[in-house]
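Please look over the sequence and the model shown here. The text after it walks through selected parts of the fold.

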Amino acid sequence: MAISRFSRRVLGMVGLGVALPAALLAGLGIYLTLRISDAVHAQSLRYNLYIAEQVASCFEQELLSSLEHGLRTADIAARNGEGPAAILKALDDGRAELGPPAFVPVEDLSTYDMLLVEHQPLVFGPSPDPPAGRWFAGLLLHDADGRLLGSGGWWLDSGRFLTTRLRSVFEDRLPQDARMYGGIESTRGLSVSLVGPDGRQSALSRDPGYDRTAYTEPLSGPFTGYAVRVAAISSAAVVWADRFVAFLVLFIAMIGVVLIGATFFGLRYTVRQVELAQIKSSFVSNVSHELKTPIALIRLAVETLELRRLSSPEEGEKFLRSISREAMRLNQLVDNILDFARLEAGKKVFRFASVNLLEVVADAVESFRPRLEDQQFRFEVDLPADLPPVRGDATALSQCVLNLLDNAMKYSRTRREVRVTAAARRDETGTPQAVTVSVADRGIGISPRDQKSIFEKFVRIETGLVHDVKGAGLGLSLVDQIMRAHGGRIELKSAVGEGSTFTLVLPAVRGVEAAPPEPQEQVAS
Ligand code: ADP
């Protein structure tokens, strides 16, 4: 336990020191990128609005000057008395792109609307003849004597006008420095539309300079309240910035993840190496201490017996008991180490047979009894008259019981009581499901936090008696592995200061109450 708690602390500390700053940096990178993206967006929109204003004013000027120029020429032709054909020619020469020239004689004028545009009366109206859907826009024409002749103008083709005029606006009129974001390409984010007084869009030229996106509806006058609207839609610069920012965010996030991952795994590896080094040294020192203590006690007892420095025959027996007890302790330790090594290498062979657990437990308990009694433990054994058989390796199961007894003895302070019980767990029908063996003590207990980790190899809890009591941290890990190999498990109930109860749970053999089968060997995996 000492080691893994240390690792966790180191991992936590280095994690805080490296992974957290890495995560903060990645977060900062993403934040700054988003701020830059916002700035680019704002700049692009500002630019688009600037372009929009330019286009709007150019477009309006273009439309008005086109009408004015063409109509003025026609007016002059009329005043010169040149007749409708000359008027039409004048209109055509003036601004052919506005649409086909048209002349409405005075008797037809009543079907058209009259508007005042810049103090000039203008005639507007839908076309009664083909080309259908166009509207007429013209000026009142008088002859040299001042008599009204009719109206000269054009069947306006607004779509055509929008596209041809806008191209020239974009290509000729916009200042050069306005193209800094990619020339005409960047103006593809603008749309120019004609909006009626009801707010409905009547004509649209999107992506100026790209005629195919222009459209217009059949228009009908009067055109009071009509407006030209230029709007900025997402521009190439913004799209480019968006893609760049998305890529940058992804890139930074990936670097952050890789950095954090590398830091984490690097640290875990380092900590694992430190752990292994610590495990090695503490394991060697724990085991050598555990080996040395019984050997020293055996040597002392043997020397005393040899020199016959005994005050009474009982004392002789006491030394013999001590030799037997310490030899058993040695034997248990060596068994644990060897079995642990075999299990780790996958070479542990279990000899499975039908086992009467009562016998196994009773033997283990009896062999351990002297050690407990020497330490003045109150030892209670409560075994039922019979138990369903289990399938298992008797030696390995006995080793489990001995390890639990050893721990119960080691981790008890003043309340020296150990109780061993066995029972069958049955289902509702009374059929035995499992056989259990429990070893309970009233010792130091184990906190809920440590109750899982104590079954890991080499884990020893830092608190309690661990400094006074020697151990290699192998016992419970071994018991756990042996139980798993038997298809069983080990359960633990414990409260700090109250004591612990470890219970071995083994599946009961169903319907094998008769002759035990031949032993079978099985290699633990
Ligand atoms: P070891 O006893 O050699 O240290 P174990 O694997 O047998 O190793 O036990 C692991 C740890 O679990 C012990 O170091 C001890 O802290 C705790 N432990 C085991 N059994 C008991 C018990 N009966 N009461 C209190 N703590 C125990």
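The paragraphs below take up an annotated segment, a group of paired strands and a helix packing.

This is a predicted model, in which local features need pLDDT of at least 70, side-chain atom pairs count only at pLDDT 80 or more, and totals for chains, interfaces and linings use all residues. Residues are numbered from 1 along each chain as its sequence is written, and side-chain values use heavy atoms, with hydrogens and water left out.

The UniProt record, an unreviewed entry, places a "transmembrane region" at residues 244-267; such annotations may be inferred rather than shown by experiment. In the model this span is 100% helix and 0% strand, and its end C-alpha atoms lie 34 Å apart. Helices (H or I, at least four residues) and strands (E, at least two) are DSSP runs, numbered from the N terminus.

Strand β13 (residues 417-426) runs parallel to strand β11 (residues 378-382), joined by 5 bridges; strands pair if DSSP finds at least two bridges between them. Asp 382 has Thr 421 of β13 as its bridge partner. β13 also pairs with strand β14 (residues 432-441), in the antiparallel sense and over 9 bridges. There, Ala 422 stands opposite Val 437 of β14. The hairpin of β13 and β14 has 5 residues between the strands, and Gly 430 takes a positive phi near 90° in this hairpin.

Helix α5 (residues 313-345) packs against helix α8 (residues 475-485) at about 50°, with the axes 10 Å apart. Axes are lines fitted to C-alpha atoms, for helices over the stretch in contact, and angles run from 0 to 180 degrees between N-to-C directions. The angle makes α5 oblique to α8; angles under 35 degrees count as roughly parallel, over 145 as roughly antiparallel, 65 to 115 as roughly perpendicular and the rest as oblique.
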